[in-house]
Structures are given as structure tokens and as C-alpha cells.
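I opened this entry to log what I looked up, site by site. The notes follow the order of my checks.

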Amino acid sequence: MELTANEKRLLAELGKHGSADASILADELSTDAAAVVQWAHLAAGRGLVQVNREVKEEYQLTEEGEAYARDGLPERQVVESIDGEIPMGELSRHPLAKVAIGWMRKNNWIVIDHGIARKAAAIPESPDEIALEKIAAGSMDLDDCGELKSRGLVTVHEQVRWIIEITPAGRNLLNAGIDLRSEAGTLTREQILSGSWRNEVLRRYSLATPPRRIYPGKPHPYRLILDEVRTLLLEMGFSEFSGNIVQSVFWNFDALFQPQDHPAREMQDTFYLEHTSELPDGWEKVRDMHEHGGETSSTGWGGAWDKTKAEGSVLRTHSTALSIQYLATHPEPPLKAFSLSRVYRRESIDPTHLAEFEQLEGIVMDEGVTFSHLLGFLKEFYHRMGFSDVRFRPAYFPYTEPSVEPEVWVDGLGWVELGGAGVFREEVTSPFGISYPVLAWGLGISRVAMLRLGLKDLRQLYKSDIDWIRNTPSYRRI
Ligand SMILES: N[C@@H](Cc1ccccc1)C(=O)O
């Protein structure tokens, strides 16, 4: 029978005692009682020892209990003050009478008759007195503590003791002479050089025992996918841009030629903030575009454009608000840029909609780029992300023409819509002095991550569900 080193030590120690308290064994084995109890349970599983749990009551006097242990219980003090008999009226004037009278009667120490208390011929010790004396003397050897506990004179603690006893099987094994030397788990350099390792009992390596799983720190699975997308775009020759979370209504809507009083602004339910934003130089060109088409052949939306509306602030509802700013500061081609940004919308939250999520936003500007290049790019991107079937549906966005919604095929789900794309309208580019075609897209990257990770619920990406994170394979791209 294979025994662990600790079981051997325990058995050898028990061999001397037969049976012993775990805390005594612990002292002798230089460990703590909890460890001994644990080893004992393991050895008990092999039938070598028996473990008994004993619960003992321990009594301790309260302050009041201590005073009575010294001076006698109230009923004793009062009864001793009675000489034969006493009118109740007088007896009740004793300072302890209130407590004492009931107990004296219960003990049959007095009999009350017509208002007179008569003392019994003999006043034997009461059970409470006997228990009180024992406890005061430090003895715990009593069946119970009478009424002392309910009288508030003692407190009772449960003391758990583990008694470990060697069984006949354990005794036989010990007598058969088990090797009691402790097992060596690791050898030192010296043991190997000197050859003394030959005298060691080596711990057997068990291939059958499953090792404890360890969970080292690792990047969040979603973070890995974001990094993968970033690397992929950088490899495709894009540069990265970013911007503020709080945007002016101007950049989020007006600069993208979204009419001020048009349901198109409600396409994305917005978090508005009580904060006034400053408009960039040249904002008048955007106003002119909205009112009459600016310097283009467009007629604009007509009506009066309201500057104060544009000065409102919002949590960016899409990262297209960043694209147009990036273009405004980089109006010269060629330009290939992307951003991975969190955006915010007032959504009712469900498994596929959250109020915050990430978008992969991108723009390509160059002489002669066309809608076909855009479709080609989107196809290529999704292929590289592992989606082999991509298709495009015609769509509408106020800032692009033509516009599409790319969809990818996911087994079990069918075609899944992942965002929008298109060629920026002249009404968008002209106010910022951009005179080349701009391809633009905004793709829901958290949806892509959800599909890639096989999740049914978008919320899982953002919850720190430790079991999911632990069990999701993770690797670093090198
Ligand atoms: N901004 C759009 C996506 C989009 C970006 C760029 C061009 C066209 C569409 C959205 O959030 O849904």
C-alpha cells in the first residue's frame, strides 16, 4: 500500500499512543491540528485509523457568576439570613430578595404560609450550587450546568476535539514494518553527486493523478480579437486614428450631412450631454451646405441651420464622427486610416444589443478609388477574419452614396449584418476641401468577436465571467 509521507508519520506516532487528540499529535509532528485531521481522514479512507469527532461543552463563569461563586448564590445568602421564620414583608427588604425568593422555594428551602416564610429544617446544597462550585474550581466534568446558563452566570462554549485511533489494520501495517523514512520529492545537487540519493525513498510520480489546473494571467479574449483586427489593418497598410468620446453634435451629425430635423438623426438613439461644444473654424461651410448646397450643385436640405443645435454635446454614436475629423485635418491623398473605438447608443439591452460597443471605422481616400474597391476591401477584411461568405445589401446612410450593409454567413445563424459602408457624398467632403473620393465604413467589431468566440450573448464579452475567461483559449500573436 502506498502511503504518503505524512500518513506514515501519523501512523508511526499513533503506534506509540494507540489513540490521541489531534492537537497532541500535531505538537509531536510539529504541525497544526487541522493538518493532522486532514491526514487522518486520508488514512481513515484506507482503513488505517479511525477519526472521532467529540464535542465537549466548556463552561466559563460570567462576572456575576464569579461574584456568587465567592459569596454564595443569592438564595443561599438570603436563606442564611433567616432565623427560623420571617414575615414576607420583612424578607422582601433583603437586597437579594427579588432573585432569591423564587429559588429558595424551588429548592424547598422555605415554605410560605399566611405571609410568613418558614425555613426548612435542613438546607442541602442545590444542583446549581454544586455546578457553580465545580466550574469555579476549573472542572468541566459535569453533565450539565443546571440553571446557571439561563441565569446568566455561566457561558457555554462547544469545544470540538478530534480523537484519532489506530485500527487493527493500521497496527498490522505498522508491525509489518513500513518504511518510515520520509519520501524525497526533489533531490539536491549534492545528493546526486555523492550518490546518497540511492539511500533516499523517492516519491513515486503518479501519472494517473490529475494535476491541479492553473490559470495564469492572460489577455482578455476580446482584447486579443481587437489586437488581431488592429494588426490585420496595419498589415494592410492602414494607419490608426482615435478621438474623444464626447463629441459635438456638429461632428457627430452635422458634418456628416445629417439634417437637423430629420428622423435620420433618430436612427441612432443618442446620449446628449449638458455641455456646449465649440465649433471648428470653417463651420459656416457646413451651415451653407445644409442650407443650400454650399459650393456644389447640391441643393442642400433647405431651411435654416441652427448653430446652437450643432453646439450640443453627445457621447459619440458612431466612429464616423472621428473619420470626418481625421479627413478634415488630412485632406490630401493618399489616405488609408482606421480606428477601433467604443461608441454609445441608447439601446434597450438584449443579447445582441448593448448601449456600448466597438466599431471598426475606416476610410480610404485616393484619386480614382471606387465603390468596387470598397466592396473588395470589405470582402478581403472579412475573409481574413475567417468569414468566407460575404454579401452586400443596398442600404441608406445620410452621408454615403451608394451605401451598403455587408453581411457574413454564420453557420447556424444565417446572414448576419455587421455594419455599414459607402462612398462619402460630396455634401460631406466639400465643406472640408476634400476633392477626392472617400470610401468609408463602420463595422460592429464586438459582433464579429461574439461570432468568432461562439457566444450567443454580446453581454458576455463585457462581463468578467471568470469561468468563461478561464476556459476560453488564449494565445498571443507573435
Ligand atoms: N456610421 C454607420 C456606419 C457607416 C460608416 C461609414 C459609412 C457608412 C456607414 C453606423 O454606425 O451604422
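**The annotated site.** I started from the UniProt record, an unreviewed entry, which lists Glu 401 under "binding site". The model I searched is predicted, and I kept that in mind throughout.

Where does Glu 401 sit? I found Glu 401 in strand β16, which covers residues 400–410. A buried residue would need 20 or more, and an exposed one 12 or fewer.

Then I listed contacts, leaving aside neighbours within four places in sequence. Glu 401 is in contact with Gly 422, Val 423 and Arg 425.

The peptide bond between Glu 401 and Pro 402 is cis, with omega about -5°. Pro 402 lies in strand β16 as well.

**From Gly 422 to β19.** I followed Gly 422 onward. Gly 422 stands opposite Ala 440 in β19. Strand β18, residues 419–424, runs antiparallel to β19, and five bridges join the two.

What does β19 meet through Ile 363? The bridge partner of Ile 363 in β19 is Ala 440. I counted that pairing under β14 and β19, which run antiparallel with seven bridges between them.

How many of the residues of β19 are buried? The strand spans residues 438–444, and seven of its seven residues are buried. I then sorted them by direction. Val 438, Ala 440, Gly 442 and Gly 444 point one way. Leu 439, Trp 441 and Leu 443 point the other way, and all are buried. I noted the general rule beside this: in a regular strand, side chains alternate between the two faces of the sheet.

**Helix α11.** I turned to α11, residues 221–235. The helix has 15 residues and reaches 21 Å from its first C-alpha to its last. That is close to the 21 Å expected at 1.5 Å a residue.

Which residues of α11 are buried? I wrote down Tyr 222, Leu 224, Ile 225, Val 229 and Leu 233. Their cover includes strands β13 (335–344) and β14 (356–365). Helices α18 (445–452) and α19 (459–462) are also among the elements that cover them.

Just after α11, I marked Gly 237, with a positive phi of about 90°.

Most residues other than glycine have a negative phi, and most peptide bonds are trans.

A cis bond joins Pro 333 and Pro 334, with omega about -5°. Pro 334 is in the loop between α15 (320–329) and β13.

Ser 30 has a positive phi, near 50°, and is not a glycine. Ser 30 lies in the loop between α2 (22–28) and α3 (33–45). Why did I log Ser 30 as exposed? Because Ser 30 has 7 C-beta neighbours inside 10 Å, and the cut-off for exposed is 12 or fewer.

His 114 has a positive phi near 50° too, in a residue other than glycine. I placed His 114 in the loop between β4 (110–113) and β5 (116–119). With 6 other C-beta atoms within 10 Å, His 114 is exposed.

Notes: Residues numbered from 1 in each chain as written. Predicted model: local features only at pLDDT ≥ 70, side-chain atom pairs only at ≥ 80, totals over all residues. UniProt positions renumbered as here; feature names shortened; annotations may be inferred. Helix = DSSP H or I, 4+ residues; strand = E, 2+ residues; numbered from the N terminus. Contact = placed C-beta atoms within 7 Å. Expected span 1.5 Å × (residues − 1). Pairing = 2+ DSSP bridges.
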